[in-house]
Amino acid sequence: MAQLSKLSRRQFMQMTGLGTAGLALSACVKHDESATKPVPLTQTSATGKPAELNVFVHIGSNNRVTIMAHRSEMGQGIRTSLPQVVADELDADWDKVDILQAQGDKKYGDQNTDGSQSARQFYKVMRNMGGAAKLMLRQAAAAQWQVPLESCIAKDHRVTHAGTGKSLSYGELAEGAAKQPLPDVKTLQLKNPDEFKYIGKPVTMVDFTDIVRGSTHYGIDTILPDMVHASIERCPYYCGGIESFDDTKARAVPGVLQVIKIDGAKEIPGFTPLTGLAVIATNTWAALEGRKALVVKWDKGAHGAHDSRATIAALVKAPIVDAKDIRVRGDIEQALKTAAKTHEAVYTTPYMEHATMEPPAATARFTGEACEIWACTQNPQGAIESVSQLLGIKPEQITVNVTLLGGAFGRKSKPDFIGEAAYLAKATGKPVRVTWSREDTIRMGYYHAFSVQHFKAALNKQQQIIGLDSRIVSPSIRSLNEPDGRYMQNWEIGQGFNTVPYDIPNVRVRNTPAPTDTRIGWLRSVYHQNHAFALNSFIDELARLNKKDSLEFQLAAIGADRPTGDGNNCDVARLKNVLRTVAQTSGWPAKVGASEGWGIATHFSFDSYVAVASKVRVDKTGLRILEVHLALDCGQMINPDRVHSQMEGSVIFALSSVLFGEITFKDGVVEQSSFDNYLLLRMNQSPKIVITLIPSDKKHTGVGEPGVCPVPASVANAIVAAGGPRIRELPLKNHLNIL
Amino acid sequence: MTTLTVNGSTHQINNLDPATPLLWVLRDHLGLVGAKFGCGIGQCGACTVHLNDAPMRSCLLPLSAAADQKITTIEGLASPDGKLHPLQQAWIEHDVPQCGYCQAGQLMSAAALLKQKKKPTDADIEDAMSGNICRCGTYLRIRAAIHSAAGNSSKIAAVVGCWTPSGVNESCDSTTLASEA
Ligand code: FES
Ligand code: FES
C-alpha cells in the first residue's frame, strides 16, 4: 500500500468497498497479558458496556481483506510478518490482502515497537485475530445455507460446503459474518504447524515495490498544503539554555519566515524538546541557511566542562566507593584468596549514536481543536502522551499517523522531535515539518551509555573458574527521568552483566555510580552489547591464560545443561548449541593464513541465543574483517528471510560499532558531526557473512537486537588470535588502522 | 527563473536562491521525495540522482548547475509505462531492502554503474557502491542483486548461509536464498 497513512478513514472505506457492510473483528489487546494469556476478543468495561472496539481485520464486499499493521516498520519486516500470521489463520489469499498502517491508538494494545517484542507479544494475538474472523465467516455461511458449521470449510479466501460443494467468497460472506457474535478465543481451533501456508515462509515484504520505485512515505516525506519547514539550533550543552541571541541576520535570509524560541527542559530531559531556536522557512534549505546566520550565546549550565574521555579514564582508575551489591553467591573473597591463579581486566565501551539513515522528522498541524501528526515513530502512543503534556490538550485531540521509518534502532521511540513539530505548529498556526540535519542527529542524540567493566576471576588447579568478581559503572537510562540516576536499574545490569551463563560457585556483581552528563537512551540491544563485549573478551583471556581452545573453555565454563536460574531463564543447552553451530560452519579451529585469526563469542538476549565466529587479518597495514559466521536460535520464525536479513544487518551494524562507534564530548559538546567523522561500515569493508538459523518449534523470541551482541568480542578475540593486541577499549579504530 | 528537466518533464523554478541544492528543490518544491536526505555533505549517497546519466549527489549540486541538464531521479528509473528497471526487479527478487531509506540512492548508483559496465566485477561494484551507506546492512544482497541484474548471478562472492527446514549449516549463495522466496 503506497500511502501508508495518508488515507483518511473515509477513503479507506471507499477503497476497500467496505462501507457499512464489512466484517470488523473487534478485539481488546492488553500489553501485559498478550504474550501468555489468551486475549479476549471483546472486553466488558465496568459499566457492562463493551469496551471500545479494536479493529484488526476488515473484509470488503470487493473480496479484499485489509489487515491493520499496528507496529512500526523500520526494516524488520513487521508490516508484513504479523499480517502474514493473521492471513494464515484466516485462510486468506495473500494476493487479496491489503495492509493498512494503524494510527496510534490504545485499542491495538502495545504499539511501542521496541525491545524485539513484536513477535514475542503478538504472534498468538494475530493468530487469534485470523482464527476468529475465519470462524465468523464459516458461521455466516452455515447460517445462509442452513447447514451445520462443521460442514463449512474455509480455504483460499472462500467457504465451501462439504456436502454440496457450493461455495461463497469471503467478500460475499463479509456482511453476514460481521453480524455473528464474537467468538470466545478459548473455543478457537487454530491450525497445526503443518497446516501453515504463510507462517514460517519467506513472504516478500509488502512495501518492496514502492520502496524500489521511490514512492513510499517516510517521516521526512510528509507534504501538507501550506506547510512550512523548520530547522532548529538546539543547545549543545546538557541541560543548558540560551543566555542571549540575535536573529536579525537569520530573518533576513531569503525564504526565512520567522524564528521561534523553544524553552526545553532544564533539569530532567525526559522526552521534551531541547531548548533552541527554530528557524521557520519556505523550504528546508532556507531554514538551514537561516540557522547559520543566528548568533547565540549559550548558557552552558552545569555540564559545560564535560570531557568524556577523561570521565571514562577516571572511572577505570577510581577507588571503589559507594558500591552496591547486585548479586552475591558463595564467598568471592575466599575464592580469590585460595585460587591457584587470578586474572583481572577492565573493559570500556564509549557513547554511541543511532545514526539512522533517515534523521528524525515529524510534521504537525494544529487547529486549536486538534493536532494531527505524521511521524517516523516507533511509539505513536508515547508521542500522543508527550504532545498532550506539551500542548496541554487531551490525548483524544491528537492523531498520530505512523509513516515508514528509515531506520530507528531505538532513537525513534523517543518523541522529542514530534513534540518540536507540535509545538511549532501551534506557535506558527501553520503545518510545520521539522527535519533534523545529520549534524543535529549526531550531536543531539539520546546516547548509548558508555561502560567501564571490571572483572576479576579466580581459577583452581584444574583451570576451572571458581570465582568471578565483577563491577559495572555505566550511566543509567533512569537519569532521563530521575534527578539522581547514578545507579543502574536492575534490568540494565540484568542485560548480561548480572546474568552470566557460566557455572561459577563464587560470584559477586557490583555497581558503582556513574555521572550523567548527557541524555542516555536505548540503542539496538542496549546494555547487552557492552556486557557481551566485556564478558566474552574476558573468557577468551582466561582460555588463553590456561592455554586452552577458546571454544572448549567457553563450553566448559557454561557447564552442564540447565536453565541458569539467574533470573533470565537462559537454557544453556541452546546456548552451547549455537556455539557449536558456528564452530561447525566456520570449521573451528580452522587453519588460517599468516596474520589471520578466528575469534568466537556468544550471548543470550531478548530470549534468543546467538553465537558469532569472526575471522580477521591484522598486519602492519591494519585490521581487515574477513568473515563473520553467526548462528541464531530464536525459536519459531514467522518469516525466515526477514530473520536472516536482520542477522546480516546485525553483523554490519555491530561491526560499525566495534570498529568506529564513538561519540566523545569535549568542553561539554559532542565532537562528531556527520558521516565523515562518525563512520559507518561501507560495502568495501564488509566481510563475507554466513548466517545459520536454527530451526525450532519453541516459543518466538527476539530477532531485531540479539544478533549484534556477540560480534564485538568475536572480533576483539580474533585480533589476538591473529597475533594482534588484546584491545579492551572500544572502538578499535583508536588502536588499529581499519581497512 | 530556472528551468529544470526531471524525468523528462520540464519545471520552471521561480524565486529560489540559485545556491539551493537540487535535493531540496526536488523534495520541497517539486514534491519528488524519492531522493533522500542523509547527510548533506556528499558522504552517504542517499540523495543520488543522475545528471546526464552520471551519478550525482543532489545534496551538493546547486540549482544553478542543474539548470537545463537532464536529471533522472528514482521516480524516473522505471520505464514510462511503469515497467520496473532490471535492477528494481532484482532488488525485489533478492529481498534487498530493510528499512528502504537508502535504497533509492543505492539503485541510482547501481543503475549508473550498469550503464557504464554491462558486466561489473565485484571490484567494480565495490568501487561504484561504497559511497552509498546502508545503516541496515543490506550490502550482501545489493551486491548479489547487481550481479543478477547484469546476468552474472553465477558469480557471487558474498556467501550467505541458507535457512532450510532440516536446518543445518547448509551454505548457498544469496541468489538461492532469494529464489526460495
Ligand atoms: S545526502 Fe547527499 S550524500 Fe548524503
Ligand atoms: S535499507 Fe535501511 S539504510 Fe539501507
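In strand S19 of chain A, the bridge partner of His343(A) is Ala457(A). Two strands count as paired if DSSP finds at least two bridges between them. Helices (H or I, at least four residues) and strands (E, at least two) are DSSP runs, numbered from the N terminus.

Before I continue, a word on conventions. This is a predicted model, in which local features need pLDDT of at least 70, side-chain atom pairs count only at pLDDT 80 or more, and totals for chains, interfaces and linings use all residues. Residues are numbered from 1 along each chain as its sequence is written, while chains are lettered from A and ligands numbered from 1 in the order in which they are written.

As for confidence, pLDDT is the predictor's confidence in each residue, from 0 to 100. Chain A averages a pLDDT of 90, and 92% of the residues score at least 70. Over residues 1–54 of chain A, however, the pLDDT is below 50, and this stretch has 112 contacts in the model beyond near neighbours in sequence. A contact requires that the C-beta atoms of two residues, placed from the backbone, lie within 7 Å. Where pLDDT is low, the predicted coordinates should not be read in detail.

Let us return to S19(A). On strand S20 (residues 465–473), Ala457(A) has Leu468(A) as its bridge partner. S19(A) and S20(A) pair in the antiparallel sense over 8 bridges. They form a hairpin with 5 residues between them, and Gln463(A) in the turn has a positive phi of about 65°. How many of the residues of S19(A) are buried? Of its 9 residues, 7 are buried, that is, with 20 or more other C-beta atoms within 10 Å of their own, where 12 or fewer means exposed, anything in between means partly exposed, and C-beta atoms are placed from the backbone.

I turn next to the open sheet of 7 strands in chain A. Its order is S10-S11-S8-S18-S15-S16-S17, with mixed pairing. The edge strands, each pairing on one side only, are S10 (256–262) and S17 (398–402). Within this sheet, S15 (residues 361–366) and S16 (residues 371–375) pair in the antiparallel sense over 5 bridges, and Phe366(A) has Cys371(A) as its bridge partner.

Phe366(A) and Cys371(A) are also among the residues that Ala422(A) touches, as are Ile373(A) and Val387(A). In the largest nonpolar core, which has 268 residues, Ile373(A), Ala421(A) and Ala422(A) touch the most other members. Such a core is a set of buried Ala, Val, Leu, Ile, Met, Phe, Trp, Tyr and Cys residues joined through C-beta atoms within 7 Å. Helix H4 (residues 118–145) of chain A gives the most to this core, with 13 residues. A second, separate core of 7 residues includes Cys235(A) and Leu274(A).

Finally, the two chains together. The contact takes 61 residues from chain A and 59 residues from chain B. On the side of chain A that touches chain B, the largest share, 9 residues, comes from H18(A). Chain B itself has 7 helices and 7 strands, and buried residues make up 57% of its 181 residues.

Definitions and conventions: Lists of a residue's contacts leave out its neighbours within four places in sequence.
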